[in-house]
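Colleague: I have a model open and would like to learn how to read it. Can you take me through the features one by one?

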There are 2 protein chains.
Amino acid sequence: MKSKQKNSSLAMLIADEIQNEIEGGIYSEGDRLPSEALLCRRFYCNRYTIRQAMDRLKNIQLIHVKQGAGYFISERPLDVRYTITPSTRFSKMIESAGHVPSALVISKELCLPSKKVQETLHLPKNREVFRFEILRFADKTPLAWNETWLPANAFPELEKYMTSFSSLYGILQKQYDVEPQRMFSTFAATIPSTSEASYLQIPLITPLLQIESIVSDEKKGRIEYTKAKYRGDLCQVTSTL
Amino acid sequence: MKSKQKNSSLAMLIADEIQNEIEGGIYSEGDRLPSEALLCRRFYCNRYTIRQAMDRLKNIQLIHVKQGAGYFISERPLDVRYTITPSTRFSKMIESAGHVPSALVISKELCLPSKKVQETLHLPKNREVFRFEILRFADKTPLAWNETWLPANAFPELEKYMTSFSSLYGILQKQYDVEPQRMFSTFAATIPSTSEASYLQIPLITPLLQIESIVSDEKKGRIEYTKAKYRGDLCQVTSTL
DNA sequence: TAGTGGTCTAGACCACTAC
DNA sequence: TAGTGGTCTAGACCACTAT
């Protein structure tokens, strides 16, 4: 029974062997692997085959590449475990994991919402919304890419406060006296688009944990629809039921 | 500013162009793409370059391969949206999405738990547990791979009932008179191991939505620790807070 | 400047599919 | 049997890194 499981090409066999070596502790975090040329000689094969094996090891996050320098054993720079509650904020979660949160506003615009956003936020026709694209960091590592929509009339001049900041909910509470509460969250696993991969500084195959949430306030009703994509290799999120 | 975003190799440019064609509706679901040889001629490049482009399109699930036959436009066979609640069962969720649930028991064993399982289930030392590996289907499509542990003394002869079945919780309710309630769920995004990819019949880069849950019963306490990996391309899960 | 990985060409043989 | 993708070899030129 030749199992499909093992995709038993030479390249995958080499990947397995090197994976075992890494997990067996032959290398330390940050160590350089032998060069492609050396691995070719060791395994009596072509560079193409070695590169296929290295691709697999990159995919499973065991190694990473520095152009012109070599392949290196990856370390796990962060391991963020996060319990989601109605009032959770990104910044609090990062702090409680022992890191320094920050955020970068990539884009802000005032626009007419898509049908999906309009329906989600229970908006009347032609009501404008703010749309922000935010990149969120833990220490200096980009951890999540966030797209978020808020009704414009509920937050006059919000764009002025959205410069550099660490907590959107902090701004909402302080400037507009609302108490944001998460209502639902929808989880999915995806891979990044080219632009998301670029912002998050990850390869195109790193899995992302996507969380869409609807946020409401007791007085103002639904005040935010937000979609965040977290690096799956660094984050996990717990939901209490 | 040459953006890193576009990884602007010829292969990625070709991938983008073909992606635009597919999303523009030039092909229908199930259509065959031109062969590698034809694409080589069209884009004036080598087969290697075309294969790099095809790899990208496979990764983002736009196309799939049939050995010896060609590249085909993928259809999305399922789109399961699932709201998680304390009493949710896999089988109910599949049914409510309009599909027929089934399950295959891949392995069953009686064993001593790992430290993690022992602590999670609040077990005394040397208390045995059942460990099951279950593959879950919607219609005929493998949708999730599931590993689950239950205290052995709470469910005598459980292994006898675990043959072919569609609902584990159905068995627990009927045979042991318990009311399983989910307490927490932890979400993460991962990629499959080789064996998981094989069981789920997916490429090694399909993202998986991993959900770990602790399940309790009012009388018996913590009765199950379960880890499921859902095909990220087919499922999304909503949690009410 | 020497060595590394990134990209690409040209060609080969194989396993599998469709006819 | 002809055509397809899967795997692999051999070799080239480039951009980047280390020194």
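**Reading the model**

Modeller: Start with the protein around the DNA. This is a predicted model. The surface near DNA strand C has eight nonpolar, eleven polar and four charged residues.

Colleague: Now the domains. How is chain A divided?

Modeller: Into domain 1, residues 4-73, and domain 2, residues 80-239. Their centres, taken over C-alpha atoms, are 37 Å apart.

Colleague: And the contact between the chains? How do I read an interface?

Modeller: Its size is often given as the accessible area lost when the parts come together. Chain A brings 34 residues to the contact and chain B brings 34.

Colleague: Which elements of chain A give two or more residues to the side that touches chain B?

Modeller: Strand 8 (181-190), helix 8 (194-200), strand 9 (208-217) and strand 11 (235-240). Strand 8 of chain A gives the most, nine residues. By class, this side of chain A has 15 nonpolar, 16 polar and three charged residues.

Colleague: Which strand of chain B is joined to strand 11 of chain A?

Modeller: Strand 8 of chain B, residues 181-190. The two strands run antiparallel, and four bridges join them. For a landmark, find A:V237, which stands opposite B:F187.

Colleague: Last, the backbone angles. Where should I look for a positive phi in a residue other than glycine?

Modeller: Go to B:D177, where phi is near 55 degrees. B:D177 lies in the loop between helix 7 (168-176) and strand 8 of chain B. B:Q201 also has a positive phi, near 55 degrees. That residue sits in the loop between helix 8 (194-200) and strand 9 (208-217) of chain B.

Colleague: Is B:D177 buried or exposed, and why?

Modeller: Count the C-beta atoms around the residue. B:D177 has 10, so it is exposed.

Colleague: Then why does B:Q201 count as exposed?

Modeller: Apply the count again. B:Q201 counts as exposed because it has 11 C-beta neighbours inside 10 Å.

Key:
Residues numbered from 1 in each chain as written. Chains lettered and ligands numbered in written order. Predicted model: local features only at pLDDT ≥ 70, side-chain atom pairs only at ≥ 80, totals over all residues. Domains from an automatic or database assignment. Contact = placed C-beta atoms within 7 Å. Nonpolar A, V, L, I, M, F, W, Y, C, P; charged D, E, K, R; others polar. Pairing = 2+ DSSP bridges. Buried ≥ 20, exposed ≤ 12 C-beta atoms within 10 Å, placed from the backbone.
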